Amino acid sequence: MTRRVLVVLSEYGYWGEELVGPLEAFDARGYQVTFVTATGKRAHALPPSMDADYIDPPLGRTVTTPEMARAVRALDESDRLDNPLSLADLIPERPYNSSINHLRELEAYHRALQPAVDDLVAAYDALVLVGGSGPLVDMVNNERLHEVVLGFHAADKPILAECYGVTVLAFARDWESRQSIIYGKHVTGHPKEYDYKDGTGFLGVDFNMGPPPFPLEYILRDATGAFGGFHGNVGKELSVIVDYPFVTARSTPDSALSGELLVQTLENGLRRYGW
């Protein structure tokens with residue numbers, strides 16, 4: 001049976017290798033991959049992720065090989081990412097509490113939400129949240145995406161999150177308890193040492209900010225709580241953590257390994273790695 005994977009991309013720019021790495025692992029095994037964005041607009045790679053000469057400021061070295069730069073550019077210029085699904089079309093939006101007929105609207109929301117999430121989750125074997133700076137804009141605090149993540153989690157299906165995509169896991173929470181689904185779990189993500197101090201950029205907007213708007217390490221440490229753990233693995237070339245159903249990858253170099261480990265969770269029952 002062909003495995004099916006739903007891949008979430010930002011409309012404001014994804015980091016190329018963080019898509020290409022897992023995608024190559026899926027393609028090698030004949031997986032069917034479907035792409036989805038916040039509103040159905042086509043996603044594009046961030047320009048630095050197609051530049052083999054780009055120096056990552058925190059690491060002080062290049063992070064994209066010439067071969068990967070060519071692979072990212074080839075994918076970006078192909079039609080493979082055309083016509084993604086739209087989260088806005090698939091998942092209803094929770095009404096404001098201040099809406100005039102809030103109780104009836106909330107009831108209607110819940111009637112529509114569960115079958116919409118159930119149908120989407122039933123169609124795929126795994127979920128992938130690709131990183132880069134773009135997710136800060138339209139993925140990290142996207143309540144529709146949170147509901148999809150909660151749905152995959154409830155169905156005990158694996159979820160791969162990379163770089164700032166890991167933040168989505170921290171913010172995907174039960175509406176009543178407000179507790180993150182990664183509470184008590186082990187994850188990796190951008191440590192403070194690897195955060196930009198300046199130059200966080202996005203596609204499609206005339207806006208380039210200084211450091212990211214939050215230190216991801218602090219969020220992940222708080223979200224995983226006393227019985228989980230954040231693993232920055234500073235100074236180690238790779239950092240991928242599997243604490244099923246989550247596969248988390250720190251940054252760009254971890255992309256290929258994270259894809260391979262997701263394959264192992266699907267095909268070989270992998271439940272723990274890296275901690």
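**A guided reading of the predicted model**

Guide: In this predicted model, the protein exposes about 12,500 Å², and carbon and sulfur atoms supply 50% of that area.

Visitor: What makes the radius of gyration of the protein agree with that of a compact globule?

Guide: A compact globule of 275 residues would have a radius of gyration near 19 Å, and the protein has 18 Å; the value therefore agrees with the expectation. Along its principal axes, the C-alpha trace spans about 55 × 45 × 45 Å. Of the 275 residues, 54% count as buried.

Visitor: How many helices and strands are there in the protein?

Guide: The protein has nine helices and 14 strands. Eight of the strands form an open sheet with mixed pairing, in the order S5-S2-S1-S6-S7-S13-S12-S14.

Visitor: Why are strands S5 and S14 said to stand at the edges?

Guide: Strand S5 (85-86) and strand S14 (272-273) each have a single partner strand, so one side of each is left without a neighbour in the sheet. Strand S14 pairs with strand S12 (residues 240-243) in the antiparallel sense, over two bridges. The definition of pairing asks for at least two bridges, so this pair qualifies. Within it, Val 242 stands opposite Tyr 273 of S14.

Visitor: Why is Ser 239 called buried?

Guide: Buried means under 20% relative accessible area. Ser 239 has 1% relative accessibility, and therefore counts as buried. Ser 239 lies in the loop between strand S11 (229-231) and S12. Among the residues that Ser 239 touches are Thr 188, His 231, Thr 248 and Asp 254.

Visitor: How do you know that the span of helix H6 agrees with its number of residues?

Guide: At 1.5 Å a residue, the 12 residues of H6 (residues 143-154) should span 16 Å; the end C-alpha atoms are 16 Å apart, and therefore the two agree.

Visitor: Which residues of H6 are buried, and what covers them?

Guide: The buried residues include Leu 145, Val 148, Val 149 and Phe 152. Their cover includes strand S1 (4-8), helix H4 (102-122) and helix H7 (166-171).

Terms used: Residues are numbered from 1 along each chain as its sequence is written. This is a predicted model: local features need pLDDT of at least 70, side-chain atom pairs count only at pLDDT 80 or more; totals for chains, interfaces and linings use all residues. Side-chain values use heavy atoms; hydrogens and water are left out. Helices (H or I, at least four residues) and strands (E, at least two) are DSSP runs, numbered from the N terminus. The expected span of a helix is 1.5 Å times one less than its number of residues. Buried means under 20% relative accessible area, exposed over 50%, partly exposed in between (1.4 Å probe, protein chains only). Contact means heavy atoms within 4.5 Å. The radius of gyration is taken over C-alpha atoms; the globule rule is 2.2 Å times the number of residues to the power 0.38. Accessible areas come from the Shrake-Rupley method with a 1.4 Å probe; for residues, only the protein chains shown count as cover. Lists of a residue's contacts leave out its neighbours within four places in sequence.
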